[in-house]
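Please examine the sequence and the structure shown below.

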Amino acid sequence: MIAQLRVPDDTTEVTQVQTLLDPVEIAGTVITADAAHPSTETADYLHQRGAGYVFTVKGNRPTLLAAIWQRLPAATSDTAAHTHREHHSGLIIERRIWTADAAGIDFPAAAQVFRIRRDTYDLTGQRLRKDIVHGITNLTAQAATPADVADYTRRHWGIENKIHWVRDVLFAEDHHHAWLGTVAHTMALFRNLAIGLIRLAGHTKIKEILERLHGNKLLILPLLAASRT
């Protein structure tokens, strides 16, 4: 976590992207965002600052979603630009992506559009779930292959597992009720700091390390020392 911002009471997070990122050097990076954020203002801001963007697009942007849908080829196995299959937690997960040129789509600096389909099967091959998302990016086909675009999208949702789930569940942020003044903002900062220090120390199993620290507070000092190396 490199930045956080309290969303003013009279607006939403969608309007705060520029304020959050203005102090951060983003040129040459790729910014990913969920379906709340593919606005023309945000896309133009990121492009003007020299950053790539990869947005998922859903029904809250019906015109853009329709334009993406019409541009993409039929979602059949033989037209998929890239396929990835893995075994994870007793499941078989297959991800396929279709891409197309975004020329003519009315969205700032758009270069490619994409569709990602994820099928989840049990070990017998019985399909349990199907998820489909669409998206748009200013990364050209030369700068980002279909596999790259799929990876950016997948890594974005890794944020949910590595940060938001840890804060909400392991640090019980959803049960936090102190909202006076800057308390909530400050506590979120401390949680982010704690998670960052644990990860900098080389730990990936946050629940396990928290239980160890709870049982022996003296382990905190070696962890802090390890986070500096």
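Six strands make up an open sheet with mixed pairing, in the order 1-2-6-5-4-3. Strand 1 and strand 3 (82–88) lie at the edges with a single partner strand each, so one side of each has no neighbour in the sheet. From one strand to the next, the twist averages 20 degrees. The model is predicted: local features need pLDDT of at least 70 and side-chain atom pairs count only at pLDDT 80 or more, whereas totals for chains, interfaces and linings use all residues. Residues are numbered from 1 along each chain as its sequence is written, and side-chain values use heavy atoms, with hydrogens and water left out.

**Terms for the sheet**
- Strands (E, at least two residues) and helices (H or I, at least four residues) are DSSP runs, numbered from the N terminus.
- Two strands pair if DSSP finds at least two bridges between them.

**Strand pairing**
- Strands of a sheet pair through backbone hydrogen bonds, either parallel or antiparallel.
- Strand 1 (residues 30–33) pairs with strand 2 in the parallel sense over four bridges, and Val30 has Gly52 in strand 2 as its bridge partner.
- Strand 2 and strand 6 (residues 127–137) run antiparallel and are joined by four bridges, with Phe55 opposite Ile136 in strand 6.
- Strand 3 and strand 4 (residues 91–101) also run antiparallel, joined by seven bridges; the bridge partner of His87 in strand 4 is Ile92.

**Burial of strand 2**
- In strand 2 (residues 52–57), six of six residues are buried, that is, under 20% relative accessible area with a 1.4 Å probe, protein chains only.
- Gly52, Val54 and Thr56 are buried on one side, and Tyr53, Phe55 and Val57 are buried on the other.

- The whole structure holds one cavity of 30 Å³ or more; a cavity is a set of points on a 1 Å grid over the protein atoms alone where a 1.4 Å probe fits but cannot get out, and its lining residues have an atom within 4 Å of a point.
- The largest cavity has a volume of about 40 Å³, the volume being the space filled by probe spheres set on the points.
- Its lining includes Thr32, Val54, Phe55 and Trp157.

Technical notes. Buried < 20%, exposed > 50% of the residue type's maximum accessible area, 1.4 Å probe, protein only. Axes fitted to C-alpha atoms, helices over the stretch in contact; angles between N-to-C directions. 1 Å grid on protein atoms, 1.4 Å probe; cavity = no way out; pocket = protein on both sides within 12 Å on 5 of 7 lines; lining within 4 Å.
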